[in-house]
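Me: Could you walk me through this fold, and be careful about how each term is defined?

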Amino acid sequence: MEEIRNSSNKLVCRLDKARRVVEIVIKGCKTTIRFLDDGTVEIENEKTA
């Protein structure tokens with residue numbers, strides 16, 4: 001996964017272009033966004049340890 005950082009060099013999200021997935025982790029909550037072949041988007045949220 002490629003790390004995307006802002007101008008302050010803080011991690012914003014991780015991106016996997018091959019799997020078409022964006023992963024965002026903020027304050028113990030992980031959001032995974034998947035772009036599917038049929039043009040829809042699947043979003044999952046889960047608590048992290």
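Reply: What follows covers the sheet, a surface patch and the salt bridges.

Me: What kind of model is this, and how is it numbered?
Reply: This is a predicted model, in which local features need pLDDT of at least 70 and side-chain atom pairs count only at pLDDT 80 or more, while totals for chains, interfaces and linings use all residues. Residues are numbered from 1 along each chain as its sequence is written, and side-chain values use heavy atoms, with hydrogens and water left out.

Me: What is the strand order in the sheet?
Reply: The open sheet of 5 strands runs S1-S2-S3-S4-S5 with antiparallel pairing; strands here are DSSP runs (E, at least two residues) numbered from the N terminus, and two strands pair if DSSP finds at least two bridges between them.

Me: Which strands stand at the edges?
Reply: Strand S1 (2-5) and strand S5 (41-47) do, and each has a single partner strand, so one side of each is left without a neighbour in the sheet.

Me: How many bridges join S1 and S2?
Reply: S1 pairs with strand S2 (residues 11-16) over 4 bridges in the antiparallel sense, and Ile 4 has Cys 13 in S2 as its bridge partner.

Me: Switching to the surface, which residues make the nonpolar patch?
Reply: Phe 35, Val 41 and Ile 43 make a nonpolar surface patch of about 280 Å², where patch residues have over 30% relative accessible area and no salt bridge, and nonpolar side chains (Val, Leu, Ile, Met, Phe, Trp, Tyr) are joined within 5 Å. Areas come from the Shrake-Rupley method with a 1.4 Å probe, and for residues only the protein chains shown count as cover.

Me: Is Ile 43 buried or exposed?
Reply: Ile 43, found in strand S5, is exposed with a relative accessible area of 55%, given that buried means under 20%, exposed over 50% and partly exposed in between.

Me: And how many salt bridges are there?
Reply: A search of the whole structure finds 8 salt bridges, each being a side-chain nitrogen of Lys or Arg within 4 Å of a carboxyl oxygen of Asp or Glu. One of them joins Lys 17 and Glu 2 (3.9 Å, N to O); Lys 17 lies in the loop between S2 and S3 and Glu 2 in strand S1, so the pair ties together parts that are 15 residues apart in sequence.

Me: What about Glu 44, which residue does it bridge to?
Reply: Glu 44 forms a salt bridge with Arg 34, with the closest N and O atoms 3.2 Å apart. Glu 44 sits in strand S5 and Arg 34 in strand S4 (residues 29-35), 10 residues apart.

Definitions and conventions: Patches are made of residues with over 30% relative accessible area and no salt bridge: like charges are joined within 9 Å, nonpolar side chains (Val, Leu, Ile, Met, Phe, Trp, Tyr) within 5 Å. Buried means under 20% relative accessible area, exposed over 50%, partly exposed in between (1.4 Å probe, protein chains only).
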